[in-house]
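I opened the model to look up strand pairing, cores, surface and salt bridges. My entries follow in the order I looked.

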Amino acid sequence: MLNQENLRTVRSLKWGDGPVELSPDHTLTGVFLSSSTQTQILVLDARRGEELGRIQTPRAGLQKVSSAHTGLLYALDLQEGGILVLDPSKPGEVDRIALSPGALSGKTSPDGRFLLALFPEKRALAVVDLDGRRVVQRGKTGHEPDQLEFSENYGYVHNRGSAHISIFRLADLGKGPVLPVLEIPLGTSPDNRSPRVGNLRKLAVMHGHGGALVAHAGDQMVYHYMEGMMAPMSGLRLQTAPPLGIVIYHRRMLEGPGPGEYRARLELSKAGQYQVLFHLPSQGASACFELTLEGLGDSQRASVPELVLVPQEETYFLGSSRNISVLFRIMESTDSEALRGLKDLRVLLFAPRGNWQWRAIATEVQPGLYRAQVVFPKAGSYFLLVESPSLEKNSLGLRHAMLRVEEHPGQQEASPGN
């Protein structure tokens, strides 16, 4: 375990002989440590690394999902059925939610109120109310559902054995025993003849744009679906190889530093050759070219200063307006002075589950001290990220900071559903 402020080791643990999974709770006060070979889950204090307790499970390797609404962790027994409710503050008390066996995976809705599980053999999904802790709704999918994703207003199911994707409104979750699901035609044939490659995902939601991109290896196409239509809006045929998966990294290019010059920032894991696709929708123009990325040597890497984002306060309190001034500094690890004079600071705050985000421009209010105005939806934990084009490559290595937002004493917390 590492201290995120100074990146020093807090504690070293060995748990089982196979792969180990760390699952923090939503409040970031507790950590659940599980192993593919252990039938127990170790509960740790997230700050001190001390053991809080152990939870006995029916088998090793249970799938775990968290809820921003309840602040709890849920372990799914996909083989035998059932969901364990895990609370780091009460490691000895484990509740159980009834769920039929045979689920492929589970995922919580963006607001954290519901857990949805896919059942490939039944061609169905089940909706679990996490407040009532029971299955309240079921919906039909296509053949071999294998992926579930959410946009701001809809849920998507990718069906490997069907030439359709399934789509439903998030507003319909929990309303009535049957979840209304639409089947949207996609491609000319099912995609179940294409090979499965690791955990590559076939469907990527375009957040903020109301749609999704779907990789269809059978047709050698990437289909573009827009919400509100009953068929794909467009598609891109790949001539060199069938698309086996798709991930959206960044969709926009920004102008600068000079007029007519455009650039986009991406964080790539290693050096090598990459295929870059450029698309200009307004002109209907597309182009594909190769990009060769060379890695930095050790001496060059050491010369690049590492920047650290330092909030002035780690905890903020909500007033009636919920408008808060977030203050922060940007430091170099080799220099105690904060960076001054940055005129192009952009701020992104988002919830850990990604179901809320806020973008703003930060201004310098004192030398080296920057401020951004944020309207938080409710109390909770939030990630803070900043970017400045004038920092160039250095901003890519700028680590995020964590903020805690709490209600004023006596102030009623806003409902997560509002």
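**Entry 1: ground rules.** I take two strands as paired if DSSP finds at least two bridges between them. Strands (E, at least two residues) and helices (H or I, at least four) are DSSP runs, numbered from the N terminus. This is a predicted model, in which local features need pLDDT of at least 70 and side-chain atom pairs count only at pLDDT 80 or more, while totals for chains, interfaces and linings use all residues. Residues are numbered from 1 along each chain as its sequence is written, and side-chain values use heavy atoms, with hydrogens and water left out.

**Entry 2: strands S5, S6 and S7.** I started at S6 (residues 73–76). Strand S5 (residues 63–66) runs antiparallel to S6, joined by four bridges. Val-65 has Tyr-74 as its bridge partner in S6. Strand S7 (residues 83–86) is also antiparallel to S6, again with four bridges. Here Leu-73 stands opposite Leu-86 of S7.

I then checked the turns. Six residues separate the strands in the hairpin of S5 and S6, where Gly-71 has a positive phi near 75°. The hairpin of S6 and S7 has six residues between its strands, and Gly-81 takes a positive phi near 95°.

Is S6 covered on one face or both? Both faces are covered: Leu-73 and Ala-75 are buried on one side, Tyr-74 and Leu-76 on the other. Buried means under 20% relative accessible area, exposed over 50%, and partly exposed in between, with a 1.4 Å probe and protein chains only.

**Entry 3: whole chain.** I noted the totals next. Of its 418 residues, 39% count as buried. A contact means heavy atoms within 4.5 Å. Among contacts with a separation of 6 or more, 46% are between residues 24 or more positions apart. The chain exposes about 23200 Å², of which carbon and sulfur atoms supply 51%. That area comes from the Shrake-Rupley method with a 1.4 Å probe; for residues, only the protein chains shown count as cover.

**Entry 4: nonpolar cores.** A nonpolar core is a set of buried Ala, Val, Leu, Ile, Met, Phe, Trp, Tyr and Cys residues joined through side-chain atoms within 4.5 Å. Which members of the largest core touch the most other members? They are Phe-328, Ile-330 and Phe-376, in a core of 28 residues. The elements giving two or more residues to this core include strand S25 (307–311), strand S27 (323–332) and strand S33 (380–387). S27 gives the most, four residues. Leaving aside residues up to four places away in sequence, I listed the contacts of Phe-328, among them Leu-309, Val-347, Leu-369 and Val-386. A second, separate core has 15 residues, including Leu-72, Ile-97, Val-128 and Leu-130.

**Entry 5: nonpolar patch.** I looked for patches, which are made of residues with over 30% relative accessible area and no salt bridge; like charges are joined within 9 Å and nonpolar side chains (Val, Leu, Ile, Met, Phe, Trp, Tyr) within 5 Å. Met-253, Tyr-262, Phe-278, Leu-280, Phe-289 and Leu-291 make a nonpolar patch of about 550 Å². Strand S23 (272–280) and strand S24 (285–293) are the elements that give two or more residues to the patch. Met-253 sits in the loop between strand S20 (234–237) and strand S21 (254–255), and is partly exposed at 41% relative accessible area.

Entry 6: Most residues other than glycine have a negative phi. I noted Glu-144, with a positive phi near 55°, in the loop between strand S12 (134–140) and strand S13 (145–150). Gln-220 also has a positive phi near 55°, and lies in the loop between strand S18 (211–216) and strand S19 (221–226).

**Entry 7: salt bridges.** I used this rule: a side-chain nitrogen of Lys or Arg within 4 Å of a carboxyl oxygen of Asp or Glu. The count is eight.

- Glu-80 pairs with Arg-59, with closest N and O atoms 3.9 Å apart. Glu-80 is in the loop between S6 and S7 and Arg-59 in the loop between strand S4 (51–56) and S5, so the pair ties together parts 21 residues apart in sequence.
- Arg-133 pairs with Asp-95 at 2.6 Å between the closest N and O atoms. The two are 38 residues apart.
- Asp-191 pairs with Lys-202, the closest N and O atoms being 3.0 Å apart. Both Asp-191 and Lys-202 are buried.
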